Amino acid sequence: MSVTIGSHEIGHGLPAYVIAEIGLNHNGSVELAKQLIDVAADAGAQAVKFQKRTPEISTPEHMKSMPRETPWGEMSYLEYRYRVEFDREQYIEIGDHATMRGLDWFASPWDVPAVEFLEDLNVVAHKVASASVTDLELLRALAETGKPVILSTGMSTLEQIDAAVETLGTDRLVMLHATSTYPLPPGEANIRMIGALGSRYPGVPVGYSGHERGLQISLAAVALGAVAVERHITLDRAMWGSDHAASLEPTGFEHLVRDIRIIEQAMGDGVKRVFPGELAPQAKLRRITV
């Protein structure tokens, strides 16, 4: 089974769908968001992803009044969430830029009004963040859009994922194995879950959303059959913000996409044959022919 997002088909045997997760790494700046879109496009990604919240609804009550040090001074966590949100006109500007660069773009809505906001902008798909797997009201709203949904599975039990899949349905579902530790230590990556999720939910394409430093785990995920790879990107891991340290800088992201495509070429079809490049060494080195 495959799922179509924008002009791209996602499924086994197809090129991995590479998503550059910008998230909140734009720090509330449209110009920084555009620069990150350019990074994704120049590297050869297929999509960029953002986050969309209605802060008054999506911010946990106990976090709203917590003080937060920011580049704009100390403010409450709720004020900070409002500070880094893009409005409709800003999203139109960055969405148009992504489209002009040949990228699909969409976001993780964190509440039902955010789904309505994104639908008004006619996004090609929706992404469920790991934190929202148990928000069945949100998942029902996403199912009602009829759009493809990408479901991350971090910080969730199999039973919670089962309930999410039952709510969303499987017709237009892509699942991403994830572990929501930032940055992710290798011992918690557990990428064999890619195959396990594929077996548990037959017909649902399964990919990988990574928060590790470096490229190795994401590349191994592709070798294990991940049909999509999502990684955070940043201009500089030292920038202010919670996700920058677990993000890839431009050169790293470019190398990720390059190496994914090399691995896809190298996987082959599992049929043993003598390749043309072996014929000259065979004639030179083999003493006995049968």
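Biologist: How do the residues of the lining of the largest cavity divide into nonpolar, polar and charged?

Modeller: The model is a predicted one. The largest cavity is lined by Leu142, Ala143, Lys147, Val149, Leu168, Gly169, Thr170, Asp171, Arg172 and Leu173. Gly counts as polar under the convention used here. The lining therefore divides into five nonpolar, two polar and three charged residues.

Biologist: How much space lies in the second largest cavity?

Modeller: The count comes to two cavities of 30 Å³ or more. The largest cavity holds about 70 Å³ of space. For the second largest cavity, the computed value is about 50 Å³.

Biologist: How many residues in the lining of the second largest cavity are charged?

Modeller: Its lining consists of Leu24, Asn25, Asn27, Tyr80, Val84, Trp240, Gly241, Ser242, Asp243 and His244. Beside four nonpolar and five polar residues, the number of charged residues is one.

Biologist: Is Ser58 buried or exposed?

Modeller: Ser58 belongs to helix H2, which covers residues 55–58. Beyond residues up to four places away in sequence, Ser58 touches Arg53, Trp110 and Asp111. Its relative accessible area is 17%. Because buried means under 20%, Ser58 is classed as buried.

Biologist: How far apart do the end C-alpha atoms of residues 36–272 lie?

Modeller: UniProt, in an unreviewed entry, places the feature "domain: PseI/NeuA/B-like" at these residues. The span is 41% helix and 18% strand. The distance between its end C-alpha atoms is 43 Å.

Terms used: Residues numbered from 1 in each chain as written. Predicted model: local features only at pLDDT ≥ 70, side-chain atom pairs only at ≥ 80, totals over all residues. Heavy atoms only, no water. Helix = DSSP H or I, 4+ residues; strand = E, 2+ residues; numbered from the N terminus. Buried < 20%, exposed > 50% of the residue type's maximum accessible area, 1.4 Å probe, protein only. Contact = heavy atoms within 4.5 Å. UniProt positions renumbered as here; feature names shortened; annotations may be inferred. 1 Å grid on protein atoms, 1.4 Å probe; cavity = no way out; pocket = protein on both sides within 12 Å on 5 of 7 lines; lining within 4 Å. Points joined across faces, edges and corners; volume = space filled by probe spheres on them.
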